Amino acid sequence: MAKPGHAWSRAAAEQGEAEEDEDPLDAMIARTGCLEQHRQLQECMAERQDWRHCQAQLRAFGACMARRQQRER
């Protein structure tokens with residue numbers, strides 16, 4: 001199964017960009033330590049096509065980002 005990505009990064013890849021280039025948004029999220037939660041949310045959204053069915057993944061990603069924000073304070 002193809003890795004879900006962001007629409008604008010897929011469009012750039014289709015225009016001849018190297019596919020091995022990392023999505024800038026994924027790189028930014030990886031620096032937060034929440035990349036796994038983000039990928040799980042992306043996979044759920046790709047599979048279910050409705051964010052309302054991905055509430056557990058959404059909460060997990062939000063909680064991870066909130067913990068990151070608390071550590072920065």
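Mentor: Start with one term. A helix axis is a line fitted to C-alpha atoms over the stretch in contact, and angles run from 0 to 180 degrees between N-to-C directions. Keep in mind that this is a predicted model.

Trainee: How many helices and strands does the protein chain have?

Mentor: The protein chain has four helices and zero strands. Along the sequence, the pattern reads α-α-α-α.

Trainee: How do I read a helix pair? At what angle do the axes of α2 and α3 cross?

Mentor: Take the angle together with the approach of the axes. Helix α2 covers residues 24–32 and helix α3 covers residues 35–48. Their axes come within 8 Å and cross at roughly 135°. That makes α2 oblique to α3.

Trainee: Which residues make the contact?

Mentor: From α2, Asp26, Ile29 and Ala30 take part. From α3, Leu35, His38 and Gln42 do. By class, the contact of α2 with α3 has three nonpolar, two polar and one charged residues.

Trainee: At what angle do α2 and α4 pack?

Mentor: The angle is about 60°, and the axes are 10 Å apart. Angles under 35 degrees count as roughly parallel, and 65 to 115 as roughly perpendicular. So α2 and α4 are oblique to each other. On the α2 side, the contact uses Ile29, Arg31 and Thr32. On the α4 side, Phe61, Met65, Arg68 and Arg71 take part. The residues of this contact of α2 with α4 divide into three nonpolar, one polar and three charged.

Trainee: Which residues of α3 are buried?

Mentor: They are Leu35, His38, Leu41, Gln42 and Cys44. These buried residues pack against α2 and α4, the latter spanning 55–72. In the protein chain, buried residues make up 25% of the 73 residues.

Trainee: How do I read a nonpolar core? Which residues form the largest one?

Mentor: The general idea comes first. In soluble globular proteins, nonpolar side chains tend to be buried together. Here, the largest nonpolar core has eight residues: Ile29, Cys34, Leu35, Leu41, Cys44, Cys54, Phe61 and Cys64. Both α3 and α4 supply at least two residues each. The largest share, three residues, comes from α3.

Trainee: Take Leu41 as a case. Is Leu41 buried or exposed?

Mentor: Leu41 lies in helix α3. Its relative accessibility is 13%, so Leu41 counts as buried. Leaving out residues up to four places away in sequence, Leu41 touches Cys54, Gln57, Leu58 and Phe61. Look at Leu41 and Phe61. They are 20 residues apart in sequence and 7.4 Å apart in space, C-alpha to C-alpha.

Trainee: And Cys44? What does Cys44 touch?

Mentor: Cys44 is also found in helix α3. With a relative accessible area of 9%, Cys44 is buried. Not counting residues up to four places away in sequence, Cys44 touches Gln49, His53, Cys54 and Gln57. Now trace Cys44 to Gln55: they are 11 residues apart in sequence and 9.5 Å apart in space, C-alpha to C-alpha.

Trainee: Gln49 came up there. How do I read its phi, and what value does Gln49 have?

Mentor: Most residues other than glycine have a negative phi. Phi of Gln49 is near 60°, a positive value in a residue other than glycine. Gln49 follows α3 and is found in the loop between α3 and α4. At 63% relative accessibility, Gln49 counts as exposed.

Trainee: Where is Gln69, and what is its relative accessible area?

Mentor: Gln69 has its place in helix α4. Its relative accessible area is 45%, so Gln69 is partly exposed. Compare its distances to Thr32. Gln69 and Thr32 are 37 residues apart in sequence and 9.0 Å apart in space, C-alpha to C-alpha.

Trainee: What share of the contacts joins residues 24 or more positions apart?

Mentor: Count the contacts in the protein chain with a separation of 6 or more. Residues 24 or more positions apart account for 41% of them.

Conventions: Residues numbered from 1 in each chain as written. Predicted model: local features only at pLDDT ≥ 70, side-chain atom pairs only at ≥ 80, totals over all residues. Heavy atoms only, no water. Parallel < 35°, antiparallel > 145°, perpendicular 65-115°, else oblique. Contact = heavy atoms within 4.5 Å. Nonpolar A, V, L, I, M, F, W, Y, C, P; charged D, E, K, R; others polar. Buried < 20%, exposed > 50% of the residue type's maximum accessible area, 1.4 Å probe, protein only. Core = buried A, V, L, I, M, F, W, Y, C linked by side-chain atoms within 4.5 Å.
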